[in-house]
Amino acid sequence: MQLLLISIVLILHWMEYANCQHHTSRHRQHERGLGCLGGCLTCSASNGCLTCMPRLFIHLERDGMRQIGVCLASCPKGFFGTRSPEKNDCSKCGSECETCFDKNFCTRCRAGSYLHKGKCQESCPDDLVPSDIKRECVAPCPVNCESCLNSDTCTRCMSGHYLLHGQCHSICPEEFEPSEQSMDCIPKVHCEVGEWSEWGPCSRIGKNCIGEESRTRKVLQTPSPQGNPCPSTLEKRECVVKKKRCGKRDKGPHKGEQKNRNNRKEKTNSEGRRERKRERERERELGTREDNSRNKTEQRRRRTQSRDTIVE
């Protein structure tokens, strides 16, 4: 039944083609304006393109019981192109192929099948493993590898590992750091700073002539999380404020400083006087004690003499 329908369609196409060949170029333009799409060389209002411009492929799209011809630069998914001197056709791939190079060589299989040497198979040979992502039979991946190109080159690592040069690492090598977003090892970025600026003006800090001046430098490259941090971008140092009144004050002590010195001197003298007074009081008290002791000794001696006289 299908062969009969195809034969009828081909006969109709041939009749339309023969009819178009006898029309004038003006009539061809009229037909193209009514039912033809871009890229058609000859066409039919009811069946679309019959032949295409050079290097274009004719593809039959089903519209109910009809087939409409369209001219394409490449065949759609599930079809492959064949070229001949007469015309370029789009032919359907095998039922197990999603895309193909020709009818006997698949380039991608449908879900549930795996490509091996141009054929789609439900299982892979013993030395290969199926890849659901590629739908191919591939070599076993390296250790800690989730997907790979071959047994030596990984394209995605398992959780907790990071990709670098086709290999998976739990800890990135020196000068590299892990990227949680892309799950690979990326080069560390170290901080870079520019040259120091000139020293700024000297600003007074207190009431004396000693001040402070500063200079800065800019950060040219912000470091990555594990890169070398930036050094200080601000530097300060002491300076002397250049003013005439500061020079005059420097010739002699400041009034406040002189007053402090006098206070300290007076305090020292006062403490010395108090200390000397305490010494005199201690000496006086000690002398009084010695006098009392001598008086008591003399009284005891006299009592003893009186007793001796009475006894005699």
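A disulfide is taken here as a pair of cysteine sulfur atoms within 2.5 Å. In this predicted model, 13 disulfides are found. One of them links Cys 40 and Cys 49, whose sulfur atoms lie 1.4 Å apart. Cys 40 is buried, at 2% relative accessibility, and Cys 49 is likewise buried, with a relative accessible area of 0%.

Two further disulfides were examined for handedness. Cys 141 is joined to Cys 148 with an S to S distance of 2.1 Å; because the torsion about this S-S bond is about -80°, the disulfide is left-handed. Cys 141 is partly exposed at 30% relative accessibility, whereas Cys 148 is buried at 5%. The sulfur atoms of Cys 145 and Cys 154 are 1.9 Å apart, and with 100° about the S-S bond this link is right-handed. Cys 145, at 7% relative accessibility, counts as buried, as does Cys 154 at 4%.

Beyond four places in sequence, the contacts of Cys 120 include Glu 96, Cys 97, Cys 106 and Tyr 114.

A search of the whole structure returned zero aromatic pairs. Arg 237, however, is positioned over the face of Trp 199, 3.9 Å from the ring centre. Trp 199 is also among the residues in contact with Arg 215, together with Trp 196 and Thr 233. Arg 215 belongs to strand E21 (residues 210-216), and its side chain forms a polar contact of 2.6 Å with the side chain of Glu 235.

Notes: Residues are numbered from 1 along each chain as its sequence is written. This is a predicted model: local features need pLDDT of at least 70, side-chain atom pairs count only at pLDDT 80 or more; totals for chains, interfaces and linings use all residues. Side-chain values use heavy atoms; hydrogens and water are left out. Contact means heavy atoms within 4.5 Å. Rings of Phe, Tyr and Trp (its six-membered ring) pair if their centres lie within 6.5 Å; planes under 30 degrees apart count as stacked, over 60 as edge-to-face and the rest as tilted. A charge sits over a ring if NZ of Lys or CZ of Arg is within 6 Å of the ring centre and within 35 degrees of the ring normal. Helices (H or I, at least four residues) and strands (E, at least two) are DSSP runs, numbered from the N terminus. A polar contact is a pair of N or O atoms within 3.5 Å; within protein, one must be able to donate a hydrogen and the other to accept it, and residues adjacent in sequence count only if both atoms are side-chain atoms. Buried means under 20% relative accessible area, exposed over 50%, partly exposed in between (1.4 Å probe, protein chains only).
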